[in-house]
Amino acid sequence: ETSEETFRLLREHAGKQLAESGGSTTVVLDRYITSEEMAREFVAFFGPPKLVVDVSVDAEYWDAEFKEANAEMEEEQQNSQMEQLTASYGAVLKAFSEQCPSAMVKLANFAIPEEEQEKAADAEGLIDQVKAKLLPTVYVVVAPGGEDNFSMQVSDSIAATIKTPDGSRPLKMTILNTAELLKPGRHSPEIEERLLRMLSASPNPQCIPTSLWIDIFREAIASSANPMGPFLVCSFPIAPGGPGAPTVRDQFCILENLANLSGILRVKLSDEAFLACVSESAAELAQYRAFDADVWAQVQLQFDKVQLCEAEPASKDGRAQAAAKAAADFLAFLGTPEE
């Protein structure tokens, strides 16, 4: 049986397991990859894994555990097999490190305690470290909307042209349009009821409270085709509209709590570019200028410079060309090949 046939069976089995799990979207393979060749074929077949966790233990503990579990072997055979396992383990890690270095998570070498209570505490600590790495990846497009939603057009352009880090194939990104997420008609019954109740009191989505924002975004991420992302959030942030509504800072904090916020693109438009790409209204231009300045001032306080990208399409560009230029600048910032 070839590796490809093995992986096809794995994909079928994993699909059945996920369907029976009631909504889980994560498959964990424990010591499944046993050779460097298999690791490379795995990435070629499935793409890079979200995480490769290297849990190393104290050498003395590993020696004692292996020999206890294989007591029927002669000592020479035990030592030989341990050497083979150690070598193959190192080769697998090397293959994954070369192909998907950003997925590697090394947990520090530790000695397993003897007390069961301490073992459980150590295990919980390891689980917490891994779970922190399993948040989805999110990018944000800060750009004006307008009647034709220029922010969405920039996001579409990014999603249509981005490729995997090695440039071998398109990278699938899920776009989350905040303006659409905050509308009723596409949520679970519980969220739908809360949203309709809130909008009946105030039809302005800018007044939606923080708690509902959190649940709406959590639902959107969990129900997507790939809950680990990457996601591209557009029409974001929105101007808060009343007491209880999240501020600009709060809106970014919501995303940070739900995901790894890995990059923010600001599409900065001149007056001429705004009038050509977004709206011919002088009043809307004035509103954009004020809100964009406030948002970017907050973003610069809240995030590191390495997370921030600014694109400034020329005023002579049309809407499609301006969106494509902003997308190209952002992909260059990420160091990601274009389609």
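Is Ala 327 buried or exposed? Select Ala 327 and check: at 1% relative accessibility, Ala 327 counts as buried (buried means under 20% relative accessible area, exposed over 50%, partly exposed in between, with a 1.4 Å probe and protein chains only).

A word on what's on screen: this is a predicted model, where local features need pLDDT of at least 70, side-chain atom pairs count only at pLDDT 80 or more, and totals for chains, interfaces and linings use all residues. Residues are numbered from 1 along each chain as its sequence is written, and side-chain values use heavy atoms, with hydrogens and water left out.

**Stop 1: around Ala 327**

Ala 327 sits in helix H13 (helices are DSSP runs of H or I, at least four residues, strands are runs of E, at least two, and both are numbered from the N terminus). Leaving aside residues up to four places away in sequence, Ala 327 touches Val 154, Ser 157 and Ile 158 (contact means heavy atoms within 4.5 Å). Try the distance tool on Ile 158: Ala 327 and Ile 158 are 169 residues apart in sequence, yet 4.9 Å apart from C-alpha to C-alpha.

**Stop 2: H6 against H13**

Now select 150-161 for H6 and 319-334 for H13; their axes come within 8 Å and cross at roughly 55°. Axes here are lines fitted to C-alpha atoms, for helices over the stretch in contact, and angles run from 0 to 180 degrees between N-to-C directions. H6 and H13 are therefore oblique to each other (under 35 degrees counts as roughly parallel, over 145 as roughly antiparallel, 65 to 115 as roughly perpendicular, and the rest as oblique). Show the side chains: H6 brings residues including Phe 150, Val 154 and Ile 158, while H13 brings, among others, Ala 323, Ala 327 and Phe 330. The residues of this H6–H13 contact divide into 11 nonpolar, 3 polar and 1 charged (Ala, Val, Leu, Ile, Met, Phe, Trp, Tyr, Cys and Pro count as nonpolar, Asp, Glu, Lys and Arg as charged, and the others, Gly among them, as polar).

**Stop 3: H10 and its neighbours**

Jump to 248-258, helix H10, and colour its buried residues: Val 248, Gln 251, Phe 252, Cys 253, Ile 254, Leu 255 and Leu 258. What do they pack against? Strands S3, S5 and S6, plus helices H9 and H12.

Bring up H9 next to H10: they pack at about 40°, with axes 10 Å apart, and H9 and H10 are therefore oblique to each other. Trp 213 and Phe 217 are among the H9 residues that meet H10, whose side of the contact includes Ile 254 and Leu 255. By class, this H9–H10 contact has 7 nonpolar, 2 polar and 1 charged residues.

**Stop 4**

In the loop between H9 and S5, find Pro 230. The peptide bond from Gly 229 to Pro 230 is cis, with omega near 5°. Past S5, Pro 237 is in the loop between S5 and H10, and the bond from Phe 236 to Pro 237 is cis too, with omega near -5°. Ser 235 lies in the loop between S5 and H10, with phi near 55°, and is buried at 14% relative accessible area.

**Last stop: zoom out**

How many helices and strands does the protein chain have? Count 13 helices and 7 strands.
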